[in-house]
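Okay, thanks for coming, everyone.

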Amino acid sequence: MDNNFRAAPSAPQYRGVRRRKWGRWVSEIRQPGTKLRVWLGSFDTAEMAAVAHDVAALRLRGARDAQLNFPGSVGWLPQPPTTDPTDIRAAAAEAAERVRREPALVSAAANTTITINPGEFDDDQLESPKLWDQMAEAMLLDPPRWGQDGSGGDAAESSHSWPQGSLWDGC
């Protein structure tokens, strides 16, 4: 065994992030369906680079398919207006700057998990004629009647009505 061999110090492993010899962290991502890479930049910390990757992954792959380093960060990440690499780099740099100013953002996001129930965001459901029929039918229903104290039920229905009338009046 070679005594001169030193194991690399344990560094956080994030998707789309690597460390240069001189200590800077870099991030890049492949464009889906191609071998092209989008260079996201060079950053001071691994977390800044990881958040930059998350911005790009969300834009290029969508919320359903993106594999994120910090799933809990989705709510505060900037969204690039297009898939153009320049727009993605600008949003990634903005996210990294937020992390530089507030490192607690990523520690909170790392402890948050997001669960998507199967079928909750199923695009095939939007194509269902049954769904559209149910939505149209629901629009034809009369609105519920509520008493002035906020209570519902038959007594409220018979003794109170909306002073302005129904939203559906005059349609």
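The accessible surface of the chain comes to about 12,400 Å², and carbon and sulfur atoms own 52% of that. Those areas are Shrake-Rupley values with a 1.4 Å probe, and for residues only the protein chains shown count as cover. Please keep in mind that this is a predicted model, where local features need pLDDT of at least 70, side-chain atom pairs count only at pLDDT 80 or more, and totals for chains, interfaces and linings use all residues. Residues are numbered from 1 along each chain as its sequence is written, and side-chain values use heavy atoms, with hydrogens and water left out.

How much of the chain is buried? Of the 171 residues, 26% are, where buried means under 20% relative accessible area, exposed means over 50%, and partly exposed is in between (1.4 Å probe, protein chains only). As for contacts, meaning heavy atoms within 4.5 Å, take those between residues at least 6 apart in sequence: 40% of them join residues at least 24 apart.

Now the layout. We have six helices and three strands, and from the N terminus the order reads β-β-β-α-α-α-α-α-α. Helices (H or I, at least four residues) and strands (E, at least two) are DSSP runs, numbered from the N terminus.

Let's start with the strands, which count as paired if DSSP finds at least two bridges between them. S1 and S2 run antiparallel, joined by three bridges, and Arg19 has Trp25 in S2 as its bridge partner. Their hairpin has five residues between the strands, and Gly23 there takes a positive phi near 100°. S2 and S3 are antiparallel too, over six bridges. Here Val26 partners with Ser42, and Ile29 with Val38. This hairpin has six residues between its strands, and Gly33 in the turn shows a positive phi of about 75°. S2 itself, residues 25-30, is mostly covered, with five of its six residues buried.

Over in S3 sits Trp39. Leaving out residues up to four places away in sequence, Trp39 touches Arg18, Arg20, Val26, Ser27, Glu28 and Arg89. Glu28 is eleven residues from Trp39 along the chain, yet their C-alpha atoms are separated by 4.6 Å.

On to H1. Its end C-alpha atoms span only 22 Å, whereas a straight helix of 20 residues would span 28 Å at 1.5 Å a residue. That expected span is 1.5 Å times one less than the number of residues. H1 also bends by about 80° at Arg59, the bend being the angle between axes fitted to the seven residues ending there and the seven starting there.

Last stop, aromatics. Searching the whole structure turns up one aromatic pair. The partners are Tyr14 and Phe70, tilted, 5.3 Å centre to centre with 50° between the planes. Rings of Phe, Tyr and Trp (its six-membered ring) pair if their centres lie within 6.5 Å; planes under 30 degrees apart are stacked, over 60 edge-to-face, and the rest tilted. The pair links distant parts of the chain, 56 residues apart: Tyr14 comes in the segment before S1, and Phe70 in the loop between H1 and H2. Both Tyr14 and Phe70 are buried.
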